[in-house]
Amino acid sequence: MTRTMRHFLDHNAGAPLLPAARARMIEVLDLAGNPSSIHAEGRAARAVVEQARAEIAALCGTRPDRVLFTSGGTESNAWMLHQAEPGRRAVSAVEHDSVLAADPQAPRIPVDGQGVVHPDAVAAVLDRLPDGGAGALVAVMAVNNETGVIQPVAEIAALVHARGGRIACDAVQAAGRLDLGTLCGAVDFLSLSAHKIGGPKGVGALVAGPEVEPAALIAGGQEFRRRGGTENLAGIAGFGAAAAALGATDLAAEGRRLAALRDRIEAALAAAAPDAVFPGRDAACGRVANTLSVVLPGIAAETQVMRMDLAGIAVSAGSACSSGKVTASPVLAAMGLGDLAGQALRVSLGAGSTADDADAFIAAWCRMAARRARAAE
């Protein structure tokens, strides 16, 4: 029996582990010391943590003491929201579920039809918060994980700061696609996740701005007394190695390569199904090169994902953090897509993506579109 060749086009859910990250993790697995111990074995483990901290700080253009390790992007996002009391938080309507779920009562900042958060919409929400937003925390992600839309974070941050508030930025999908140094210089808190950049799953970071002292999340002595618990040594080591590898990559050249693949896919899909919709394609601030969202009207997202899987192609219908269930995308609903919000696929490319992967997806998707057309006759 011939096995179907697989094509992985779901890098926004998690990128394959980089060889450098795997090698670093294997190297430290046999270290016996606890990073908090003062003997030689403990100091060796501590050196691993601090090397990784420095590597991630270099990627972000900040000081190592600004990097605080967590269990992943979800915890980092929750920690950011923890920096303000309930009633003094506002979040964009297209945030990752880990932000939306952290405070279901926080007012949602609306987006336009392309999924962009406009500063005037932020101002309108701040006007309704106590003291006009002074002391408030506003959460606006850098890059949307479903559409790839880039948000005007620096402009929004300037507005929030002028009101006496602080800004939290989910940068999980921005790493390797935008300049993290520019983001870190604009915001008060920034979240990262290792497995989005070729590191291991289960480790992330909260990066604090240069003048910000984040409140502790878990009492204890680790992470500058801000997050108790023994550090995930192997995970942190792999995270640092992935950050170092990313820092050595020509990101501009890689972005051009991925944009060419994405545009090739979009052009083929639009030609095959003129009624296909590409959410966020015309966003004012653009999209990152690796991501596209496509709606094929009339076919549920769950059905589309399964058909692609049977064809050997891994894509998703949106965020992977939904307990394995495919439901209508809250992001696309916030963009005003109505019923179409439940009929979208997300294609996300990465370092290993090739023209063969793109062509395999195009062929499978076009067969699905043709089948839909025949059913409508």
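This is a predicted model: local features need pLDDT of at least 70, side-chain atom pairs count only at pLDDT 80 or more; totals for chains, interfaces and linings use all residues.

Residues are numbered from 1 along each chain as its sequence is written, and side-chain values use heavy atoms, with hydrogens and water left out.

**Stop 1: the helix pair**

Select residues 19–28 for helix α1 and 233–247 for helix α9. Their axes come within 8 Å and cross at roughly 150 degrees (lines fitted to C-alpha atoms over the stretch in contact; angles run from 0 to 180 degrees between N-to-C directions). Helices here are DSSP runs of H or I with at least four residues, and strands are runs of E with at least two, numbered from the N terminus.

Now show the side chains. From α1, the residues A20, A21, R24, M25 and V28 meet L233, A234, A237, G238, G240, A241 and A242 of α9 (contact means heavy atoms within 4.5 Å). This set divides into nine nonpolar, two polar and one charged (Ala, Val, Leu, Ile, Met, Phe, Trp, Tyr, Cys and Pro are nonpolar; Asp, Glu, Lys and Arg are charged; the others, Gly among them, are polar).

**Stop 2: F239 and the cores**

In the largest nonpolar core, which has 65 residues, L180, L183, L192 and F239 touch the most other members (a core is a set of buried Ala, Val, Leu, Ile, Met, Phe, Trp, Tyr and Cys residues joined through side-chain atoms within 4.5 Å). Buried means under 20% relative accessible area, exposed over 50%, and partly exposed in between, with a 1.4 Å probe and protein chains only. Leaving aside residues up to four places away in sequence, F239 touches I56, F69 and P200, among others. A second, separate core has 31 residues, including L261 and L292.

**Stop 3**

Select residues 119–127, helix α5, where P119, A121, V122, A123, V125 and L126 are buried. Their cover includes β3, β4, β5 and α6. In the loop between α5 and β5, pick D131. D131 has a positive phi of about 60 degrees although it is not a glycine, and D131 is exposed at 61% relative accessible area.

**Stop 3: E223**

Finish in helix α8, residues 222–225, at E223. E223 has a positive phi of about 50 degrees, and E223 counts as buried at 4%.
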